[in-house]
Amino acid sequence: MNKCPEYRLRLFLSVDLVGSTAFKSNPNAGWVDRFKHFYREFPRIVDLVYRETKSCRNDNMELTSGPKLWKLVGDEILFCCRVQSLQHLSCATMAFLDALEQYGSIIDEDPDTSTLDVKGAGWVAVFPAENVSLKIEGSNIRSTKDGVDYLTKGFEAEADAKPAQFDFIGPAIDAGFRSSKNASADRFSSSVELAYLLADAANKNLFLRPFSYHGRSPLKGVHRNAPYPVISINSERDPLKRDLLARERVLTNDQEVAPLHLREFLQAYMELNGLELPKLKLKNDSPEEMPPSSYEKFRESWDVTSKGTKEQDDSISEAEKPASDAPNPAPLDDAIKRFAEHVSAQAKSFNTAEILERARIAQSTASLVARQIEAQRRALQVPIPVSKVKNSGKNDDSTTAKRTDKKDSD
């Protein structure tokens, strides 16, 4: 039996090569091999770092639940994974940040790639309400399981396990891509919702990277073009550059943001702009959080749709049954016959007037019963032997009349 998909939060991560256009224009760079190396090695590093992260191993998480390759877009690699808790989200994000640092170091060590660098960004999106999963099968695109007219638990579970076979669309996906433009080699850009969750995790000592706030800037088409908070996590891997940036922040009064204050600010921003707060439990074995109202509305709609579809399917199945599966009309005929015989037997004990009145009532009752049975048989599409009922009534009248004549003559 198909079940309603649960509320779920997916993490999306992006890594992009900085300086790739200029690098490709250099005829001596051998850019094809360099890019093949990037596409092959970076996902491998992400997976390896995630599996080796101590916090992942200690939180009862499956080691295969880390970021999975979603798709390639030009010089950009996109990852996706369903996150189960704040601990899981923190682990996946920190593994990605470590992978950025490790691959950046590989680039730095190669003189031929010294003009290249990597930058990263991240965002989260809620499913199945607000955002939508689409399965790509060749030239076909499906939003539900094959053979089912509504979204199912199995369909979303497949998207969790195999994101490379799916595309994901919705307002949070659009906002995530838009906010990723704020990323740079020394700044991992975060969407509002992801920063809110990571700040909450940091306040609970689950996420250990510092945040920076860079004011607000509108993103085209996002939140009705309201100024959007620009938040980053320091991803500078060079110790000397990190030290320089720290000194510069002192001069510009651009200090690192306390996680508690950042979380409270982002919560106020989302409430002001009518955005639902994303929900995640603390750890994988913690009690589940109450889903937001958008999911409850989705579930109510899903219940109505699935019930209507089931009733329609049952009606079609009933109509397609062979005639042999229909109810046997014989018991109805027997009941009519026994009723007529009962009335005839009762008539023997009454005088003439009573007999005539009883016969009239019996005939009316038998006719009413016949009409009711006829209506039932039409609904069941069963042949209607009405004549048998009428004949039973006539025989009773005839018998009654003869017995009356005989009594009069006596």
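A residue counts as buried when its relative accessible area is under 20%, as exposed when that area is over 50%, and as partly exposed in between. The model is predicted. At 10% relative accessibility, K135 is therefore buried.

- Side chains of opposite charge can pair when their charged atoms come close.
- K135 pairs with E158 in a salt bridge, with an N to O distance of 2.5 Å. E158 is partly exposed, at 24% relative accessibility.
- A salt bridge also connects R34 and D110, whose closest N and O atoms lie 2.7 Å apart. R34 belongs to helix α2 (residues 31–52) and D110 to the loop between α4 (86–109) and β4 (117–127), a separation of 76 residues. R34 is partly exposed at 27%.
- K71 and D167 form a salt bridge at 3.3 Å, N to O. The pair links strand β2 (residues 68–73) with strand β7 (residues 166–169), 96 residues apart. Both are partly exposed, K71 at 28% and D167 at 23%.

**Salt-bridge total and network**

- The count of salt bridges comes to 24.
- One network of salt bridges links E6, R8, R10, R82, K153, E156 and D160.

**Helix α7**

- Helix α7 (residues 192–203) has 12 residues and spans 16 Å from first to last C-alpha, close to the expected 16 Å.
- Because 11 of its 12 residues are buried, α7 is largely enclosed by the rest of the structure. The buried residues include V192, Y196 and D200.
- Just after α7, N205 adopts a positive phi of about 65°.

Technical notes: Residues numbered from 1 in each chain as written. Predicted model: local features only at pLDDT ≥ 70, side-chain atom pairs only at ≥ 80, totals over all residues. Heavy atoms only, no water. Helix = DSSP H or I, 4+ residues; strand = E, 2+ residues; numbered from the N terminus. Expected span 1.5 Å × (residues − 1). Buried < 20%, exposed > 50% of the residue type's maximum accessible area, 1.4 Å probe, protein only. Salt bridge = Lys/Arg side-chain N within 4 Å of Asp/Glu carboxyl O.
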